[in-house]
Amino acid sequence: MFVIAHGFTGDADRPHVRRAAAAFARYGAVVTFSFRGHGASGGRSTVGDREVLDLAAAVAWARGLGHARVVTVGFSMGGSVVLRHAALYGPGTAREHEARTDAVVSVSAPARWYYRGTAPMRRLHWLVTRPAGRLVGRLGFRTRIHHRQWEPVPLSPVEAVPRIAPAPLLVVHGDRDGYFPLDHPRMLAEAAGDHGELWLEAGMGHAEHAADDELLGRIARWAVVRGG
């Protein structure tokens, strides 16, 4: 069973999310959902913080359907969410029985918060932090963004990664990603140690839009072997 966590300003009905779901469906059952504040979902986006609760609910629902093995696959913001979710709901945690994942795939995710080193990330921070930006998010991207800042600041992706073991982790990143340069996936892979694997994809850009069917198929096959 695959549970797909989309990127910021995406939702379960976007064509690129539906294409990814169709690719994974060739290898197993798939659950898609929209994070809070995205698309038809209620609430407001916290840009990766409380979205962990949304993913946990989706994983718990998948397990409630009888699926014994669940793999979470996240893109961009969703990539950071699957990392933190696996750390917070992993073996030995108080909430393990609720929504544990058996393997994790994080695609095009940041390693650390508040990164503004690229033009797309500076635009994203304007979208999130300014009233005018949040209006653009609501009207232009069907994404309703919460006006409050993080308090407290959530566990960062690179801090979460060491807590994922023994669940296997795959980090996927394009060498032409315009949002997060290659130090981000390398930091995540280094933090993962022996339980992690890093794929640096030549010519790939950012997240679901840039993941072609061949790559999605490779990810699915990795998940079937490592998560099954």
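Which residue of β3 is the bridge partner of Ile4? In this predicted model, the partner is Val73, and that pairing makes a handy entry point into the sheet. The bridge belongs to a set of four that join strand β1 (residues 2-5) to β3, with the two strands running parallel. β3 also pairs with strand β4 (residues 103-107), again in the parallel sense, over five bridges. Within this second pairing, Thr72 has Val104 of β4 as its bridge partner.

Stepping back to the whole chain, the fold comprises 10 helices and six strands. For 228 residues, a compact globule would have a radius of gyration near 17 Å, and the 16 Å of the protein chain agrees with this. Along the principal axes, the C-alpha atoms fill a box of roughly 45 × 35 × 35 Å. Of the 228 residues, 56% count as buried. Among contacts with a separation of 6 or more, 76% involve residues 24 or more positions apart. The accessible surface comes to about 10,000 Å², and carbon and sulfur atoms account for 52% of that surface.

A few backbone details round out the description. Most residues other than glycine have a negative phi, and most peptide bonds are trans. Against that background, a cis peptide bond joins Glu151 and Pro152, with omega about 0°; Pro152 sits in the loop between α6 and α7 (157-160). Another cis peptide bond links Ala165 and Pro166, with omega about 10°, and Pro166 lies in the loop between α7 and β5 (169-174).

Positive phi values occur at Tyr114, where phi is about 65°, and at Ala207, where phi is near 65°. Tyr114 is found in the loop between β4 and α5 and is partly exposed, with a relative accessible area of 47%. Ala207, by contrast, belongs to helix α9 (residues 207-210) and counts as buried at 2% relative accessibility.

Terms used. Residues numbered from 1 in each chain as written. Predicted model: local features only at pLDDT ≥ 70, side-chain atom pairs only at ≥ 80, totals over all residues. Heavy atoms only, no water. Pairing = 2+ DSSP bridges. Rg over C-alpha atoms; globule rule 2.2 N^0.38 Å. Buried < 20%, exposed > 50% of the residue type's maximum accessible area, 1.4 Å probe, protein only. Contact = heavy atoms within 4.5 Å. Areas by Shrake-Rupley, 256 points an atom, 1.4 Å probe, with all protein chains shown as cover.
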